[in-house]
Amino acid sequence: MDLYLKNSVEIWLDVEDWTCQPLLQAGLAVIFTVGLAFTLIWCMTWLRFYRELLRLRRSASTCISEMKRKEAGQQQQASKKELPRVSVLLPVKGVHSRSQHNWRHQMESTHGGDVEFIFCIESHDDPAYQALKSFREERNSDVNRRGQGQIKIVVAGLSFHSSQKIHNLLEGVKHVNPQSDYVLFLDDDAEMRPVIMRDLIFHLEEDPSVLVATGYPHEYISPTTTSISFAGFMLLGYRKLAYLNISLLHPPALWGGCLMLRRRELMDPNIGILEAWKERGYSDDMIMGGRVHRCGRRMCHPATCVLVSEVDPQYSVSRHFNYIGRQMFVLDTYSDSTDKTQNYILLVLVCILVLSTALVFHLITIAYSFRIAFRLWAGEWGLSSESYCGFFQLQPMALEILFVANCAFSFFVSMQVDAVITRMCQHVSDQPEKFVHHQNMLYLVCGSIVGYMANLGVQASCAFGTLFTDSIVWSGVRYYRKHGKVEAVWRTDTQGKPYTVPASVSMQKSMATKTIVE
């Protein structure tokens with residue numbers, strides 16, 4: 001049996017080696033370059049976070065603003081009255097077991113100055129309404145917590161002309177304190193730290209060319225996590241791709257879960273963020289990012305501004321498909337022709353072509369790994385001992401080793417990026433022990449490889465499918481788009497029947513209705 005198997009391998013290796021075909025080799029060079037580009041960008045991300053973490057540790061600082069103040073010889077922090085005022089807008093839908101914990105944590109994670117929190121919900125029927133009222137009463141009755149921030153509740157009403165999140169934010173903006181210096185748009189389930197708000201403000205104050213400062217999400221494995229689902233590994237793989245975007249201080253894209261900008265610039269019609277949101281907008285961060293580019297301004301992501309969330313052991317494949325589908329759907333939404341061009345470049349060039357190529361890169365690497373093992377087992381290092389072939393005139397096994405080495409190093413660097421970001425989170429956190437997990441490393445590595453490759457396929461296929469669909473379901477609501485904007489919104493009533501309101505009627509009602517802050 002062993003002799004038969006060895007003879008079969010020798011016959012397979014004696015067949016004309018497809019690695020030597022010039023045209024195919026040229027295609028492999030393109031695939032190899034894509035894999036190498038991922039590796040280099042991940043290296044840049046790792047280097048950026050590692051250097052910032054090293055500087056923070058050397059200066060015994062927990063945030064960049066504190067470190068810069070020490071470097072400038074300013075030992076005293078400004079008093080509360082001297083610190084800028086901030087309005088925090090939190091769009092909320094529904095409640096879960098950790099909702100009040102998250103809200104409490106966000107209110108206690110401020111920069112030390114005056115802050116108001118504006119919770120924006122869609123209707124009084126939302127369970128979040130009563131939960132927020134109870135939460136506010138609890139805060140007001142606690143003497144130790146008075147003065148930590150004013151709580152406002154805004155009931156925005158249902159929207160049939162834009163995404164519900166944008167509608168909630170627009171209604172919340174109407175009630176922002178006119179004396180506020182900055183406005184922070186924050187997801188209500190985002191885990192804040194005082195460091196984050198301080199450094200977002202610091203970078204906006206230091207650089208007038210920055211229009212929006214943003215945070216970025218990071219999933220971590222807690223000590224109590226016993227297992228990670230396959231979809232959980234796919235989500236971790238999706239985050240690895242997101243880390244490519246934060247290799248520089250000034251990234252090309254924003255994350256809608258944490259956005260801060262100057263209040264006067266948010267209200268400025270010449271910049272037009274709110275105006276674009278009102279015109280049947282769907283994605284708050286994509287529209288805002290487009291306005292940044294259109295104005296010739298910059299975005300900024302401080303390395304300390306990472307908002308963490310625990311990997312959900314119950315995270316399912318269906319949830320992941322819906323999540324990725326929604327992320328890809330936004331790339332076919334836009335407010336003008338400039339946004340359309342930029343979004344389509346991301347959708348077609350990056351999410352379809354590049355990610356498909358990256359998946360092929362990993363599949364070819366697996367095939368090459370087996371070929372190398374077969375060659376070694378059969379004692380055959382190439383077509384012959386002096387065999388040099390193809391466009392690059394290298395031995396086939398040399399080309400195969402290059403592919404495997406590139407892929408292995410690329411994955412190693414991506415794991416190191418995840419590790420250094422986790423260490424940054426530990427450094428700025430008051431609970432560093434919660435980021436120390438007890439998972440088997442081999443289990444994590446294998447799961448991460450499979451999850452990352454599976455997510456590449458899911459993301460590329462969802463991006464491709466976006467070109468042929470005009471609707472998506474988000475939080476139980478189906479949105480239809482046309483020419484990059486929301487065309488119709490369908491909801492389900494208490495009896496389970498779908499219904500809608502014409503977008504034009506919804507817009508008129510929204511403009512005529514004055515929401516009351518509670």
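This is a predicted model: local features need pLDDT of at least 70, side-chain atom pairs count only at pLDDT 80 or more; totals for chains, interfaces and linings use all residues.
**Entry 1: strand β4**

I then asked which strands pair with β4. Strand β1 (residues 86-91) pairs with β4 in the parallel sense, over four bridges. Strand β7 (residues 258-262) pairs with β4 in the antiparallel sense, over five bridges. I noted Leu-184 in both pairings: Val-88 stands opposite Leu-184, and Leu-184 stands opposite Met-260 in β7. As background, I recorded that strands of a sheet pair through backbone hydrogen bonds, either parallel or antiparallel.

**Entry 2: helices α12 and α15**

Next I turned to helix packing. Two packed helices are described by the angle between their axes and the distance between the axes. For α12 (residues 317-329) and α15 (residues 441-466), I recorded an angle of about 50 degrees and axes 9 Å apart. The two helices are therefore oblique to each other. The crossing of α12 past α15 is right-handed.

I listed the residues that meet. From α12 they include His-320, Phe-321 and Ile-324, and from α15 they include Asn-455, Val-458 and Cys-462. By class, this contact has seven nonpolar, five polar and no charged residues.

**Entry 3: helices α13 and α15**

I examined a further partner of α15, namely helix α13 (residues 337-378); the axes of α13 and α15 come within 9 Å and cross at roughly 150 degrees. Here α13 passes α15 in a left-handed crossing. Among the residues of α13 in the contact are Leu-347, Cys-351 and Ile-366, while α15 contributes residues including Tyr-452, Met-453 and Phe-464. I recorded the classes as 14 nonpolar, five polar and no charged.

**Entry 4: the sheet from β10 to β13**

Finally, I asked in what order the four strands of the open sheet stand. The order is β10-β11-β12-β13, and the pairing is antiparallel. Both β10 (471-474) and β13 (498-500) stand at the edges with a single partner strand each, so one side of each is left without a neighbour in the sheet. From one strand to the next, the twist averages 30 degrees.

I checked the pairing of β10 with β11 (residues 477-482): four bridges join these antiparallel strands. Ser-471 has Tyr-480 in β11 as its bridge partner.

Methods
Residues are numbered from 1 along each chain as its sequence is written. Side-chain values use heavy atoms; hydrogens and water are left out. Axes are lines fitted to C-alpha atoms, for helices over the stretch in contact, and angles run from 0 to 180 degrees between N-to-C directions. Angles under 35 degrees count as roughly parallel, over 145 as roughly antiparallel, 65 to 115 as roughly perpendicular and the rest as oblique. A crossing is left-handed if the near helix is turned anticlockwise from the far one by less than a right angle, and right-handed if clockwise. Contact means heavy atoms within 4.5 Å. Ala, Val, Leu, Ile, Met, Phe, Trp, Tyr, Cys and Pro count as nonpolar, Asp, Glu, Lys and Arg as charged, and the others, Gly among them, as polar. Two strands pair if DSSP finds at least two bridges between them.
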